[in-house]
Amino acid sequence: MQNANLNSNSGSSVTKKSSKAGFFQISLERIDQAVAAGATANEVMAYLVLAGGTQGGSAQPRTSTHSTRSVRKRCAIPTPDQAIDWLEGKGFIIKAHDDGRHGAHAGAATWQVDPEAKCDLSICQALFGEGSEFATLKSLQEQIRPLSNAPRRLAMLDALMVFLHLQKRQNFGAFAGVDPAAAHANCTFIDPDEDGDLTDDFVRFPCIQGKVLVTHRVFEEVTLSSEFAKSALGNIPVQAGWPDLRTRADHALVELMRLRFVYRTLIAWDGGPLGGS
């Protein structure tokens, strides 16, 4: 069986140990709760930036050294104070001292980020654009394309949530990418000898053991499962007349692939990955 798996850029599953050089931990469950409570993309991005200023690992309390300036720098939110006010008002962050916005000095503690929450996902600092020209919060903010009959802010929030949930479902050890039950595309094998006398579904290279080249005729578009789409976007409050959840999830994936947040890989299976065999 052939499947096109997705690989999610700028991060890895929390099942892998965080690197001191570039990973921080978040609670995706709490972000889902924030979205259900009315958080926009601005609040989600501010949460990510503040979490990015915490030390690696899951030690409690998770104290950040990032502040308003950090949020403005890393994701170009025009009103970071408002996003931080919302997070504080809903209890997602707590002031670490009297000047939680700016810090008493460089490196000073500013906020405790979800001090009671259990982290369940590791994210790479590259998401903030440190030395990267693509797959950053800024590039998503600047280049996301809206859906028809819906505000651009909805497309931004949809893309963020699909990206984070793809990160959660990514497991290189088990799937070499994102769980195909969440996102996959099927391929159609070519017929024997269709493309020359030596061409088959699997073509061996001389002096290399194993089947190393896979040939196919049709490569379908990557599809998100209904279960995944609901888990990623089902908490977002919507208004009458906006596109349905399926359409929004598909659009978010197209935009994430266009902006290089996710990419497609070809995986050859000797069983049925969708059925667990």
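In which loop is N149 found? N149 is found in the loop between α5 and α6, where helices (H or I, at least four residues) and strands (E, at least two) are DSSP runs numbered from the N terminus. The model is predicted, so that local features need pLDDT of at least 70 and side-chain atom pairs count only at pLDDT 80 or more, whereas totals for chains, interfaces and linings use all residues. Residues are numbered from 1 along each chain as its sequence is written, and side-chain values use heavy atoms, with hydrogens and water left out.

The protein contains nine helices and 15 strands. Of its 277 residues, 48% are buried; here buried means under 20% relative accessible area, exposed means over 50%, and partly exposed lies in between, as computed with a 1.4 Å probe on protein chains only. Contacts were defined by heavy atoms within 4.5 Å. Among contacts between residues at least 6 apart in sequence, 72% join residues at least 24 apart.

Helix α1 spans residues 28-36, and its buried residues are L28, R30, I31, D32, A34 and V35. The elements that cover these buried residues include β3 (23-26), α2, α4, β7, α6 (152-168) and α8. Just after α1, G38 adopts a positive phi of about 110°.

Helix α2 (residues 41-52) packs against helix α3 (residues 68-75) at an angle of about 115°, and their axes are 9 Å apart. Axes are lines fitted to C-alpha atoms, for helices over the stretch in contact, and angles run from 0 to 180 degrees between N-to-C directions. On the scale applied, angles under 35 degrees count as roughly parallel, over 145 as roughly antiparallel, 65 to 115 as roughly perpendicular and the rest as oblique. The α2 and α3 helices are therefore roughly perpendicular to each other. The crossing of α2 past α3 is right-handed; a crossing is termed right-handed if the near helix is turned clockwise from the far one by less than a right angle, and left-handed if anticlockwise. On the α2 side the contact is formed by M45, A46, V49 and L50, which meet S70, V71, R74 and C75 of α3. The residues of this contact comprise six nonpolar, one polar and one charged. In this classification, Ala, Val, Leu, Ile, Met, Phe, Trp, Tyr, Cys and Pro count as nonpolar, Asp, Glu, Lys and Arg as charged, and the others, Gly among them, as polar.

Helix α3 also packs with helix α4 (residues 80-89): the two axes come within 9 Å and cross at roughly 120°. These helices are therefore oblique to each other, and α3 passes α4 in a right-handed crossing. In this contact T68, V71 and R72 of α3 meet P80, D81 and I84 of α4. By class, three of the residues are nonpolar, one is polar and two are charged.

Residues S226, A229, K230 and L233 of α8 meet L245, R246, R248 and A249 of α9. This contact has four nonpolar, one polar and three charged residues.

N149 has a phi near 65°, a positive value in a residue other than glycine, and counts as exposed because its relative accessibility is 63%. A176 likewise shows a positive phi, of about 60°, although it is not a glycine. This alanine, A176, lies in the loop between α7 (172-175) and β9 (177-178) and, at 28% relative accessibility, counts as partly exposed. A126 is found in the loop between β7 (121-124) and α5 (137-143), and its relative accessible area of 25% makes it partly exposed. The C-alpha atoms of A126 and L137 are separated by 9.3 Å, the two residues being 11 residues apart along the chain.

Cysteines were considered last. A disulfide is a covalent bond between the sulfur atoms of two cysteines. With a disulfide taken as a pair of cysteine sulfur atoms within 2.5 Å, a search of the whole structure finds zero disulfides. C119 is buried, with 13% relative accessibility, and C124 is buried at 16%.
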